[in-house]
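Dear colleague,

Here is the structure for you to look through. My notes on it follow below.

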Amino acid sequence: MNFSEVFKQSNQLCKVSPDGKYLATCVQYRLVVRDVSTLQIMHLYTCLDQISHMEWSSDSLFILCAMYKRGLVQVWSLEQPDWHCKIDEGSIGLVSSRWSPDGRHILNTTEFHLRITVWSLCTKAVSYIKYPKACQKGIDFSRDGSYMALAERRDCKDFVSIFVCDDWHLLRHFETETQDLAGLEWSPNGCVLAVWDSCLEYKVLLYSLDGRLLSTYSAYEWSLGVKSVSWSPSSQFLAIGSYDEKVRIINHITWKKIAQFEHPATVESTKTVYKEVERRPAVGTDEMSLHNITTGSTLFNTQSKYEICSLPVQIPVVKPDPDRANPKIGVSVLAFSSDNHYLATKNDNMASAVWVWNMQKMSLEAVLEQTSAVRCFQWDPRHPRLALCTGNTKLYLWSPGGCVAVQVPTEGNFLGPKLNYIVLRYRKGAELQ
Amino acid sequence: MPESSLVKDGRSSSVEYGASPLRQFSQSSLLLHRNSYMLGTFCTEHNVQQCLSHINQEISSLGLPPVWTESGNSSELNIVAVLNCMYDLIQLHRRGLRTLESMEVEQLKSSSNIDHLQLTITRLKEQLELSKRENTGLLERERQLQLKAKSLQSCLKNEKEEVQKLQNIIASRASQYNHEMKRKEREFNKLKERLNQLLVDKKEKKQAIDVLNNIGRADGKRSLWKTEKTEAKHEGEMYKTLLSDYDARQRELVLENAELRKVLQQMKKDMVSILSSRKPAVKSDKPEHSGVQARSEEEEEEVFDSSKESVELYCVHAREKLTNSIRLQWRRLKSHVERLDSQASLVQMVESKDTDAVPQETQEEEMDRLKLEIQQCKDFIQTQQQLLQQQLSSPCDEETASLLSNCYMLQEKERLGEEWKTLEEQRKIFERERKNFTEAAIRLSHERKAFEEDRATWLKHQFLNLSPFADSKKTPLLKSKSAFLISAETEAPEKLIKCHSDTASPTPRCVPLASASTADLYRTLCLIPENSSVQPKTNGEHVEESSMFCGDVFVQHQQWEHSEDHTPSQEKNSSI
């Protein structure tokens with residue numbers, strides 16, 4: 001595995017272009033575009049304020065830089081570095097900004113979610129969408145980019161509007177049977193929209209593309225409900241993670257539960273349990289010179305390797321505070337592998353463990369126990385390979401063949417490595433950035 | 001009162017006592033009537049004295065003064081004594097009656113008491129029964145109530161738990177609501193502030209977009225106006241996607257259905273074949289199988305039908321028919337297997353113990369044997385593991401460590417050593433042979449040198465003594481090889497001589513020959529020692545000698561070139 005040298009980046013804004021050729025990073029108010037293979041700087045753009053959000057357009061020709069404080073959005077072109085575009089939202093403010101799937105429209109959500117402004121870069125036309133809902137995931141584009149689903153709230157009722165991304169024509173507008181809609185997500189085949197309620201009620205509604213209600217799923221009444229939802233890449237399964245530490249799998253033919261995955265504190269039946277074991281390299285007293293300490297990073301970098309534990313294994317559980325809202329309990333992250341064979345989950349009160357489930361056998365495949373809380377994990381877009389990081393300088397990889405911990409070379413500080421929330425990005429060529 | 005009447009009669013009878021014994025008789029008969037146990041008369045005319053003495057005795061036994069004394073012969077009674085006695089007797093009798101009366105009264109009293117007590121006993125017994133029954137009833141009720149209490153307690157516990165759970169839920173929901181409310185309040189405040197700010201702040205920054213130039217659409221097409229046609233087109237496209245998705249799904253389901261149907265058909269065929277194979281055996285059995293027969297005939301028809309008309313299966317009825325027939329077959333198969341099981345158990349019971357025991361025994365024996373084997377294998381594995389553990393964990397002393405460290409390779413090492421030894425021996429042999437060869441070669445070279453010198457001197461002599469009359473030696477060339485060999489020495493110089501003799505006629509030929517003659521000489525010289533060593537090889541070549549003399553030499557040259565190694569040709573080259 002090759003690692004590039006370290007770049008400075010702020011706000012965790014570091015993205016690879018969709019075609020995999022360029023890498024864009026933001027440093028304060030500058031946007032740096034590099035070539036991925038040589039890592040040479042191709043373009044350098046300067047924005048008017050500190051960049052809050054940066055996004056590539058789908059055809060990798062434009063980059064959007066949003067500055068929320070100033071209410072500005074600047075768009076840069078890769079083909080013509082002289083081309084510039086500046087969108088000023090004025091006094092209405094800016095809360096979020098994103099591209100449309102065709103890469104020619106920008107959707108700005110104003111402050112207080114008053115409305116969504118759709119700016120067209122082709123015609124300089126403006127459209128407005130009223131009453132968007134401020135929730136966990138209120139807007140979603142279908143995978144082929146032809147439809148957009150938007151959650152709205154009028155008169156204390158939830159609605160869903162489906163727009164055709166071509167010309168922003170409102171295709172369907174229907175009321176949903178939710179108390180307080182928390183999010184919506186298209187299935188990968190673009191025919192079914194999953195809508196789920198807030199955590200106070202466990203309810204997942206499935207709507208067809210033309211607005212008909214296909215099915216409702218509710219596992220239990222009361223208590224805290226759905227925490228996360230994910231479609232499988234083939235649209236066959238819908239995985240629902242909830243606050244009761246369970247994942248329920250719904251099938252696309254009957255929309256009924258076909259499997260239930262539990263996350264017990266004592267793991268009894270699984271293929272393997274990998275436990276990360278840290279090992280500090282022994283340092284002799286004669287090596288403790290000042291020079292070595294300041295330049296050598298081995299003093300504080302610990303070696304890690306995985307050990308296979310024998311069952312049953314106890315996973316450390318952290319009980320959340322019952323009085324606080326949004327307790328750290330329940331399955332918060334779900335990710336399917338690209339070949340549909342595996343599902344990776346994380347239970348918030350066992351934050352240092354990642355569970356990998358085999359979707360063909362509907363059983364637990366592996367449990368990865370790390371030494372500290374897992375920050376994020378992501379699947380390789382080509383192969384069944386999971387990369388995860390826990391905030392230290394190591395990168396962990398799991399595949400059905402085994403597990404490996406890789407040290408990321410960083411500049412050693414006397415104070416030790418910073419706890420970065422490393423956002424993982426995969427290139428199309430299945431290499432890790 | 002009968003007693004008083006009796007007394008009266010007795011009195012009346014006692015008054016008439018002295019009169020005659022007949023009256024006594026009648027009294028006694030009267031008394032007999034009363035007391036039925038006195039049969040017969042007591043006193044007659046004949047036994048008066050006896051009667052008197054008897055009565056006297058009786059009276060005295062009763063404690064009264066005697067009535068009659070035997071003082072004189074006269075049988076006259078002392079009337080006073082008799083009267084006194086009678087009076088005493090009457091008193092006694094009365095007293096007796098009185099006591100009898102009192103006793104009767106007592107008896108009545110006691111019997112009435114007894115009755116009364118019996119009545120009370122029965123009443124009390126009934127009461128006791130009743131109270132016992134009540135007691136058991138009460139105990140039963142108590143037990144039931146206890147059970148109820150327990151169940152209610154458990155219900156209460158469950159309810160409490162549920163209440164606790166609901167309370168927890170409510171608490172979490174409440175905290176969630178509070179959090180949301182706070183968030184909304186914060187946002188509301190922000191809105192208010194913003195509104196204030198906007199109202200105060202007059203200059204409003206307008207929304208604007210500043211683009212250098214319009215860029216084309218992603219797909220390169222021109223954008224269309226929003227008309228009804230486009231709307232309809234969008235609707236159409238949406239429905240198209242939905243329909244294609246449904247199509248795909250339906251196709252998958254049809255394929256799956258076809259697969260499953262095939263499997264079911266296969267299963268049905270197998271089951272039918274299994275069931276029909278035992279039909280001949282079934283026929284000889286009890287009549288209950290006749291139904292099976294009839295049904296199995298039906299099956300055949302069914303199978304026949306379904307195999308032919310598989311297209312029909314796509315309709316609901318055919319599908320139901322298939323599933324029903326499979327269920328039927330399965331039930332039959334199950335019953336068949338059950339029957340076999342019962343038959344087997346029956347057979348086992350019916351047969352004698354020996355034959356019964358034998359299969360069982362063999363089974364059991366086999367089981368025991370297998371178990372033993374398993375145990376042995378397990379023990380073996382255990383010991384292996386232990387040994388391995390020992391080896392890995394326990395630190396042995398130096399010798400054993402060094403010994404054991406290489407123990408795995410011992411056999412290979414030994415073999416290797418042996419092979420090495422053999423190789424060494426072979427190498428030595430080869431070395432020796434090589435030495436021999438070199439020595440032989442050296443010797444040979446020395447010999448050759450010496451021989452050459454001899455030859456040279458001899459030839460010199462010959463040459464010097466050469467005469468032109470040495471043609472007679474031509475023919476011996478055609479002699480056999482051995483002759484040639486033997487006479488090689490002699491022939492060689494003759495060849496030379498002939499060569500030189502022919503110089504007169506074919507001069508150009510001989511010239512190269514003359515130049516080649518030295519080569520020939522060398523060759524022949526070389527040949528001679530080599531001949532001896534390589535004689536067997538070159539036999540064939542010797543036979544091929546041509547008749548031509550000059551040609552012989554060349555042919556021989558060539559032959560020797562072919563047969564031997566490089567050295568003659570090399571020498572030839574070097575010489576030429």
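The accessible surface of chain B is about 44,800 Å², and carbon and sulfur atoms account for 58% of it. For chain A the accessible surface is about 19,200 Å², with 50% belonging to carbon and sulfur atoms. Please bear in mind that this is a predicted model. The predictor assigns the complex an ipTM of 0.78 and a pTM of 0.59.

Chain B has 576 residues, of which 19% count as buried. Its secondary structure consists of 17 helices and one strand. If we take the contacts in chain B between residues at least 6 apart in sequence, 58% join residues at least 24 apart.

The mean pLDDT of the chain is 73, and 59% of its residues reach 70 or more. By element of chain B, the highest mean pLDDT, 92, belongs to helix α4 (residues 79–200), and the lowest, 41, to helix α15 (residues 539–543). Two stretches of chain B deserve a mention here. Residues 281–294 of chain B have pLDDT below 50, and in the model this stretch makes four contacts beyond near neighbours in sequence. Residues 530–576 of chain B are also below 50, with 62 contacts beyond near neighbours in sequence. Where pLDDT is low, the predicted coordinates should not be read in detail.

Chain A is built from 36 strands and one helix. It has 433 residues, and 54% of them count as buried. Among its contacts between residues at least 6 apart in sequence, 44% join residues at least 24 apart.

In soluble globular proteins, nonpolar side chains tend to be buried together. The largest nonpolar core in this model has 35 residues, and the ones with the most contacts inside it are Tyr147(A), Val160(A), Leu193(A), Val195(A), Leu238(A) and Ile240(A). Strand β18 (residues 192–197) of chain A supplies the largest share of this core, five residues. Another core, of 21 residues, lies apart from it and includes Phe237(A), Ile249(A), Ile315(A) and Leu343(A).

What surrounds Val160(A), leaving aside neighbours within four places in sequence? Its contacts are Leu150(A), Arg172(A), His173(A), Phe174(A), Thr176(A), Leu181(A), Leu184(A), Leu193(A) and Val195(A).

His169(A) is in strand β16 (residues 169–175) of chain A. It counts as buried because its relative accessibility is 10%, under the 20% cut-off. Not counting residues up to four places away in sequence, His169(A) touches Ile162(A), Phe163(A) and Val164(A), and also Glu231(B) and His234(B).

A nonpolar patch on the surface is formed by Trp222(A), Leu166(B) and Ile170(B), which together have about 310 Å² of accessible area. Trp222(A) sits in the loop between β20 (213–217) and β21 (226–231) of chain A. With 46% relative accessibility, Trp222(A) counts as partly exposed.

Lastly, Gln407(A) is part of strand β36 (residues 402–407) of chain A. Its relative accessibility is 27%, so Gln407(A) counts as partly exposed. Gln407(A) and Gln303(A) are 104 residues apart in sequence, with 7.8 Å between their C-alpha atoms.

Regards

Note on methods:
Residues are numbered from 1 along each chain as its sequence is written. Chains are lettered from A and ligands numbered from 1 in the order in which they are written. This is a predicted model: local features need pLDDT of at least 70, side-chain atom pairs count only at pLDDT 80 or more; totals for chains, interfaces and linings use all residues. Side-chain values use heavy atoms; hydrogens and water are left out. Patches are made of residues with over 30% relative accessible area and no salt bridge: like charges are joined within 9 Å, nonpolar side chains (Val, Leu, Ile, Met, Phe, Trp, Tyr) within 5 Å. Accessible areas come from the Shrake-Rupley method with a 1.4 Å probe; for residues, only the protein chains shown count as cover. A salt bridge is a side-chain nitrogen of Lys or Arg within 4 Å of a carboxyl oxygen of Asp or Glu. Helices (H or I, at least four residues) and strands (E, at least two) are DSSP runs, numbered from the N terminus. Buried means under 20% relative accessible area, exposed over 50%, partly exposed in between (1.4 Å probe, protein chains only). A nonpolar core is a set of buried Ala, Val, Leu, Ile, Met, Phe, Trp, Tyr and Cys residues joined through side-chain atoms within 4.5 Å. Contact means heavy atoms within 4.5 Å. pLDDT is the predictor's confidence in each residue, from 0 to 100.
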